[in-house]
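Hi everyone, thanks for coming.

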Amino acid sequence: MVLALLTALGLGYLSGSLPWGLWLGRAMRGVDVRTLGSKNLGATNVYRSLGPAVGVPVLLLDIAKGALPTWLVPGMAACAAFPGGLEWCRLSVAAAAVLGKGVATSAGVLLALSPVAFAATLLVFVATVAITRYISLGSMLGAVTLATTLGVISPGGWTSPTFVFGALLALAVIVRHKDNIVRLARGEERRFSFKRSAA
């Protein structure tokens, strides 16, 4: 049981911590993205600072670092004795990956946990960004959609561990965007553009 816990949590966190924005920025542009724009390693800052040739691969890799461990680790022999069974193992790996880093990683976790909830969340995110061009607002509304969808479609409904995880994940996304909420209220939030930032 201890081995199962350490394996699941360790591999989830390790995967979620992989700094693809840093690595690809250095490999493809010879720069440290932590010195550019918002100084964040996430795909949004990489895209704005270094363009789509770097930003899109970072986005896909950040999604993968959440999805792959959530899909694969629960099937490992070392995790067979995980307390609570497969669902709790999957959710624990997902939580550890999200703690590793970021909204895109959370999207990857959601894709692995529930493709239906992922599709609904993605639809709301894309529609919100297309209409408002605010990535932050799209992320927060997508997070609310995530929790609501999981509550509706999960076998255990609103009391299932999967819904509780989704609700906590949504709350974490909103809390992480507290500074963006302030900027949105002041009308100072930066809008997304497909053009690379002049900076």
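Let's start with a question: which side chain does the one of Arg183 meet in a salt bridge? The partner is Glu189, and the N to O distance is 2.8 Å. The two ends of that pair sit in different classes, so let me take them one by one. Glu189 has a relative accessible area of 10%, so we call it buried. Arg183 comes out at 32%, and that makes it partly exposed.

Before I go on, a word of caution: this is a predicted model. The mean pLDDT of the chain is 87, and 95% of its residues reach 70 or more. Confidence is highest in helix H2, residues 20–29, with a mean of 93. It's lowest in helix H6, residues 103–113, where the mean is 82.

Okay, back to salt bridges. How many are there in the whole structure? A search finds 4. One of them joins Asp32 to Arg34, with the closest N and O atoms 2.8 Å apart. Asp32 is buried, because its relative accessibility is 18% and the cut-off is under 20%. Arg34, at 39%, is partly exposed.

Now for some helix packing. The axes of H8 and H9 come within 8 Å and cross at roughly 170°. Angles over 145 degrees count as roughly antiparallel, so that's what we call H8 and H9. By class, their contact has 12 nonpolar residues, 4 polar ones and no charged ones. On the H8 side you'll find residues including Met140, Val144 and Leu150, and on the H9 side, Phe163, Leu169 and Ile174 are among them.

What does Thr145 touch, leaving aside neighbours within four places in sequence? Its contacts are Ala120, Thr121 and Val124.

Last one, for contrast: Leu99, in helix H5, is exposed, with a relative accessible area of 65%.

Terms used:
Residues are numbered from 1 along each chain as its sequence is written. This is a predicted model: local features need pLDDT of at least 70, side-chain atom pairs count only at pLDDT 80 or more; totals for chains, interfaces and linings use all residues. Side-chain values use heavy atoms; hydrogens and water are left out. Contact means heavy atoms within 4.5 Å. Axes are lines fitted to C-alpha atoms, for helices over the stretch in contact, and angles run from 0 to 180 degrees between N-to-C directions. Helices (H or I, at least four residues) and strands (E, at least two) are DSSP runs, numbered from the N terminus. Angles under 35 degrees count as roughly parallel, over 145 as roughly antiparallel, 65 to 115 as roughly perpendicular and the rest as oblique. Ala, Val, Leu, Ile, Met, Phe, Trp, Tyr, Cys and Pro count as nonpolar, Asp, Glu, Lys and Arg as charged, and the others, Gly among them, as polar. Buried means under 20% relative accessible area, exposed over 50%, partly exposed in between (1.4 Å probe, protein chains only). pLDDT is the predictor's confidence in each residue, from 0 to 100.
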